[in-house]
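Dear colleague,

I am handing over the structure below, and my notes on its pockets follow it.

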Amino acid sequence: MLKFEIDLTSPHNQARLGRLILSHGEVETPVFMPVGTQATVKTMTSEDLYEIGAGIILSNTYHLYLRPGEKLVAKAGGLHKFMNWKRNILTDSGGFQVFSLSKLRKISDEGVEFQSHIDGSRHFLTPEKVMDIEQKLGADIAMCFDECAPYPCSYEEAERAVNRTTLWAKRCREAHRREDQALFGIVQGNVFPDLRVRSAEDLVKLDFPGYAVGGLSVGEPKENMYEILEFLHPLLPADKPRYLMGVGEPEDLIEGVKRGVDMFDCVLPTRLARHGTAYTHSGKITVRNAVYAEDFSPIDSRCDCYVCQNYSRAYLRHLIKAEEILAHRLLSYHNVFFLVNLMAKIREAIREGELERFSEEFFREYKS
């Protein structure tokens, strides 16, 4: 099931304040979804995520299919019970992961044959197979199987990906039967405006409960991403949620919201944490650097998270240098909190009619 209610639309831009009503509760939008690729947001517990305020997280079909397998997850009672997560889950189709294995896969209109990055075993995924996997996993939102063309690529390559994405979307729609799970279509087209228009129009005809914009933040200039979001805005149904896949830099969250995006996800908060980097209101800092060795201030003095209230930069740097796992956990907690809290501030700014002012003030201080 999925209901999407829009409470307010900004008169100054395309931002919307709304609510996703799903099988495992209500989610305020715009929202950032932490990524739990393999049924875990790396180093974090479900209790951490509840405390932070995450209402929906993302897991990955490709990875869970390979390990531990969708049948085992179904036997455990579905992904929610398997990972002890009582709120909502979205599963990506695994398309991006499969197509990133350029040397290990062979693609046709029927599906994709690929070699596992884990053990070299061979597999064949079709849209029907992906729908079967996602329905067994039991997430609240499932994504269609799509082809993500790389950047840069030729017009012909991007066009083939669009045509195949539409073909597969139709097959996913026909194969999907689970009524308590919403299926989203994915708009492709790379950086070619006419292909983006074609993809959007084809998918809208299929009447999905929600629409994602894929194939962005894969190396193209940010200006291209923003332009594509702007001209897709009038082409996608106003009464359905819009999801920008794989995007999570703070500046992109703000700019995406201003262009009508309701949902975001990205691995960056935990990935940056594993490299000793943290978000702050003035930009990212690399805590492992020597300059923080005797810095006893919090990561961000304006952050209310548990980590900033209790631990110093010097201590975190010590953990990193000592190769203690706690460093990853604490930095991940802070980074996920930072983005979830940023979205809460964005929602409040939309509610108060102050998003443009909030944006100006944020960018005046934040250095990307």
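How much space lies in the largest pocket? About 710 Å³ lies there, where a pocket is, on a 1 Å grid over the protein atoms alone, an open set of points where a 1.4 Å probe fits, with protein on both sides within 12 Å along at least five of seven lines, and a volume is the space filled by probe spheres set on the points, which are joined across faces, edges and corners.

This is a predicted model, in which local features need pLDDT of at least 70 and side-chain atom pairs count only at pLDDT 80 or more, while totals for chains, interfaces and linings use all residues. Residues are numbered from 1 along each chain as its sequence is written, and side-chain values use heavy atoms, with hydrogens and water left out.

The largest pocket is lined by 28 residues (lining residues have an atom within 4 Å of a point), and those nearest its centre are Phe 96, Gln 97, Gly 246, Asp 265 and Val 267. Two or more lining residues come from each of β5 (56-60), α5 (95-100), β14 (263-266) and α11 (268-274), the helices (H or I, at least four residues) and strands (E, at least two) being DSSP runs numbered from the N terminus. Of these, α11 gives the most, with 4 residues.

The second largest pocket holds about 160 Å³ of space, and the residues lining this pocket include Arg 105, Glu 147, Cys 148 and Arg 164. Both β7 (105-107) and α7 (155-175) supply at least two residues of that lining, with α7 giving the most, 3 residues.

With best wishes
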